[in-house]
Amino acid sequence: MIKVLIVDDEKIVRKGLVSFMPWQDFGMVVVGEANNGENALQFLETNKVDLLLTDLSMPVMTGIELMKEVRRIHPNIQIVVLTLHQDFEYVQEALRLGAIDYIAKTQLEKEQFKDVLGRISSLFDTKKSTGYDSHRDDLDQVDELYVIYILNQQGDDSSMDITLPKGAIELDVGVWGMTYLPPESLTSCSDNAIIFFRDLKELDRKSIVQLTRVYRRNEFFYEYHPMQSIPIVHNGSISTLGENADNDLNKLKRKWLSPDWIYEDQAFEKMLQELIAIKLPPIRLTRLFFSLSDEWNRLYEQILMDPIGMDDSFAYFAQFESWLRNVRNAIHQANSKPQYSKEIQNSIAKAANMAQLMMNQSLSAGEMAQIVNMSSSYFSQCFKQIVGKTYTDYLRDIRLERAKHYLTNTTKTIQWIAEQVGYNDEKYFSRLFREHIGILPSDYRQTNKQV
């Protein structure tokens, strides 16, 4: 039987259609009614419907708005519109959205009921024969499902340029399901990712859609790789991401601010695996490395030809890893001095890093040399050759840059700012600032005040 849902804000219209239309003569049964679009969508969440009859003019959600949602969430439900509108352009909008027919209420008389249902039944059968029938969207009994995730979505219409296999069922925005994957579609590509879900027999359509959402939110980012075979996901095996990693983020950030990951291959691979094990939600991972990229730009601005940039988001961890490896290579190559060993280069990078992190402390070149296990004279020679300026000049410059940041972005006093960048004497700090920046700190703040 074809299951029918009637949506109209006028109760008398709904009851009239239910009572007087000869549904059973055409293999149809009315399984529900709704007085607006929102209630109709709620009904569809828990009930199987093959045919939707909807009014176009309704409060809360219009028939056109309802049609758009049904086309997105339940693409295999066929739609017939009920309307008082005789304006062809208005009806044409409904037909453009996929309505198979429309019924003008003003012309609906009792003797026409059979003709109307006969026409609808014929159109419904035609749609079934073309490949998108209700059985194809019956996910209540499937045990296995190929799910196609559209990557790098740019909005609700992101799938418009993607060539999908025939018979694909839209599960969500940018998510499509198939019970059978044609041979030509057995691999993922740069536009989409294919995941194979199993053990779904106990799930209805709504639960399957929810499962695909949870997987994408939790596991997909870290598990998917375009060069590997299609991942197999068993229902019940999905874990949650590292939502409780707050206490580790500062420790994690300190690790990635050290130079070890740049110069030591083993350290880099270990830190990469730690990121995968922690499984930060993608948005938090991106925010963390946005912050780190700013720090890296400050640390290595003297040697980098171009500042480190970062995309707003990554579709999967392999993309993020590729970006991170490119950043590492750029810093490593820019900082590479063939005449110095890796150990020396690592020590100088560590010194530059520590100068950034400890700029509020008074660390002389000799003290820093001791920290990185080098003699004072050799440290000063290597630092100038590798970094491009003396340790003293480097420390002064990064302190003044940080002071400019505080002056522009905070309302803290000049004394507070001076102390934060390693100068306890406000007058000395102001004199030094004017000598190298050209104006006093207070004037710089006024000139560069954030609006």
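**View 1. Strand 3 and strand 4 side by side in the parallel sheet.** Strand 3 (residues 51-55) and strand 4 (residues 78-83) run parallel and are joined by 5 bridges; strands here are DSSP E runs of at least two residues, helices are H or I runs of at least four, and both are numbered from the N terminus. Look for Thr 54, whose bridge partner in strand 4 is Val 81. This is a predicted model, in which local features need pLDDT of at least 70 and side-chain atom pairs count only at pLDDT 80 or more, while totals for chains, interfaces and linings use all residues. Residues are numbered from 1 along each chain as its sequence is written, and side-chain values use heavy atoms, with hydrogens and water left out.

**View 2. The open sheet with strand order 2-1-3-4-5.** Its 5 strands show parallel pairing, where two strands pair if DSSP finds at least two bridges between them. Strand 2 (28-34) and strand 5 (101-104) each have a single partner strand, so one side of each is left without a neighbour in the sheet. From one strand to the next, the twist averages 20°. Helix 1 (residues 11-20) lies across strand 1 (2-7), strand 2 and strand 4, and runs at about 165° to strand 2. Angles run from 0 to 180 degrees between N-to-C directions, with axes fitted to C-alpha atoms, for helices over the stretch in contact. Contact itself means heavy atoms within 4.5 Å.

**View 3. The mixed sheet with strand order 7-8-6-9-10.** Direction ignored, neighbouring strands are turned by 35° against each other on average. Strand 7 and strand 8 (residues 175-178) run antiparallel, joined by 3 bridges, and Ile 169 has Gly 177 of strand 8 as its bridge partner. Helix 6 (residues 205-223) lies across strand 6 (145-150), strand 7, strand 8, strand 9 (192-198) and strand 10, at about 55° to strand 6.

**View 4. Helix 12 crossing helix 14.** The axes of helix 12 (residues 342-357) and helix 14 (residues 376-387) are 10 Å apart, at an angle of about 85°. The two helices are therefore roughly perpendicular to each other; that label covers 65 to 115 degrees, with under 35 counted as roughly parallel, over 145 as roughly antiparallel and the rest as oblique. Among the contact residues are Ile 344 and Ile 348 of helix 12, and Phe 379 and Phe 383 of helix 14. By class, this contact has 10 nonpolar, 1 polar and no charged residues. Here Ala, Val, Leu, Ile, Met, Phe, Trp, Tyr, Cys and Pro count as nonpolar, Asp, Glu, Lys and Arg as charged, and the others, Gly among them, as polar.

**View 5. Helix 15 against helix 17.** The axes of helix 15 and helix 17 (residues 426-437) cross at roughly 100° and come within 11 Å, which makes helix 15 roughly perpendicular to helix 17. The contact counts 7 nonpolar, 1 polar and 2 charged residues.
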